[in-house]
Amino acid sequence: MIASTIAARDAVRAMKAYTLELRDAATKLNQNESPFDFPEALKREVLERVAQRPWNVYPEFEATRLRAALAAAYDIPAQSLLAGNGSNELLAAAIATFVEPGRRVAFARPTFALYEKLITIAGGEPLPIDFDPRSGELPLDRLVAAVERDGASVVIVCSPNNPTGGVLARGGIERLLKTGAVVLFDRAYGDFDDDDSLPPPDDRLVVCSTFSKAWGLAALRLGWLCSTPATAAEIRKAKLPYSLNIVSEETAIVALEHRRYRDANVAAIISERERLYAAMRELDGIEPFPSRANFITFRCRDARATFDALCAGGILIRDVSAYPNLDGCLRVSVGTREENDRFLTALENLV
């Protein structure tokens, strides 16, 4: 056998790529997308505005107009904000800013698989804290202990958590900050929580948000980050320049000008989530986990057979059974009422 000549780092070679099982289905409920598309009238407004801008020059270097719109919408100083190509890009920049070789980074597990990959690429030491996803809460006490006892200096919190739907207890961010750790708070699903407010600013707190979920703009890859002006300035050094194109930027500005559409979509999704959860609890052999996100993870008798049978019937959900502590589990995104009814009927027929 000829030895590989690829000169990739050992840490990268040992990693598995982030993957998604792609299948065609009439009812797509596998990626936590909004079931509501951006309004056609607003799409036209975006395109009309973009048509008036030159395409032969780079977009704004600092996304000044979008940051001003975000500042007005969330009552945050524009100097505290960064915008980028999805919240993942900004999270990667934050990890690159705070994580160096040997630094321990704590996070609840199971959670978004990208965190551990980014920590490893930065040379940090991942410190996963396993918890029971059936509880509906993240392991706050054990995350605090990871800092105070185990030497973690950075904590990543996804609340509501993907893929379990559980949340950090109220006041949890403040308690983690009191340990002296840097807290990277991923609130990609925060718009669907009962309390969607942003925590008070702190130099050691970085909050990442997205337009993909509640705003129905996943195709445009729009994210934003907030901290204090001093911390945002440091993260900006690690962020790629010109990562946000003019179409995405203009769309975000238009969306913020018409927030009522987002608010109506969020209310509809939360209502459907509660209906879906209640119905799933009545099904024999189905154990849904409490969720404050736009999805529900559930345990069933044979996850793979259930996944395949649903897909054969034109309903695509997510198999998360390979995640730590999620054996036998699947995840379904909250869709429209009609999509949710199709899913419930199919699931009931299976069990």
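This is a predicted model: local features need pLDDT of at least 70, side-chain atom pairs count only at pLDDT 80 or more; totals for chains, interfaces and linings use all residues.
Close-up 1. Helix α5 itself spans residues 114-121, and its buried residues are Leu 114, Tyr 115, Lys 117, Leu 118 and Ile 119. Just past α5 you'll find Gly 123, with a positive phi of about 90°.

Close-up 2. Asp 186 sits in strand β6 (residues 182-186). The side chain of Asp 186 makes a polar contact of 2.6 Å with that of Tyr 115, one of the buried residues of α5. A polar atom of the Asp 186 side chain also lies 3.1 Å from the backbone nitrogen of Ala 188. Leaving out residues up to four places away in sequence, Asp 186 touches Tyr 115, Val 157, Cys 158, Ser 159 and Cys 208.

**Close-up 3. Val 183, tucked into strand β6.** Val 183 is another residue of β6, and it is buried, with 0% relative accessible area. Setting aside neighbours within four places in sequence, its contacts include Val 155, Val 157, Ile 173, Leu 176 and Leu 177, along with Arg 204, Leu 205 and Val 206.

**Close-up 4. Salt bridges between separate parts of the chain.** The structure has 32 salt bridges. One of them pairs Arg 170 with Asp 193, the closest N and O atoms being 3.3 Å apart. Arg 170 is in the loop between β5 and α7 (172-178) and Asp 193 in the loop between β6 and β7 (205-210), so this pair ties together parts 23 residues apart in sequence. Arg 170 is partly exposed at 48% relative accessibility, while Asp 193 is buried at 8%. Another salt bridge joins the side chains of Glu 272 and Arg 337 (3.1 Å, N to O).

Close-up 5. Tyr 58, Phe 61 and Tyr 242 make a nonpolar surface patch of about 370 Å². Phe 61 belongs to the loop between α2 (40-51) and α3 (64-74), and its relative accessibility of 46% makes it partly exposed.

Methods: Residues are numbered from 1 along each chain as its sequence is written. Side-chain values use heavy atoms; hydrogens and water are left out. Patches are made of residues with over 30% relative accessible area and no salt bridge: like charges are joined within 9 Å, nonpolar side chains (Val, Leu, Ile, Met, Phe, Trp, Tyr) within 5 Å. Accessible areas come from the Shrake-Rupley method with a 1.4 Å probe; for residues, only the protein chains shown count as cover. A salt bridge is a side-chain nitrogen of Lys or Arg within 4 Å of a carboxyl oxygen of Asp or Glu. Helices (H or I, at least four residues) and strands (E, at least two) are DSSP runs, numbered from the N terminus. Buried means under 20% relative accessible area, exposed over 50%, partly exposed in between (1.4 Å probe, protein chains only). A polar contact is a pair of N or O atoms within 3.5 Å; within protein, one must be able to donate a hydrogen and the other to accept it, and residues adjacent in sequence count only if both atoms are side-chain atoms. Contact means heavy atoms within 4.5 Å.
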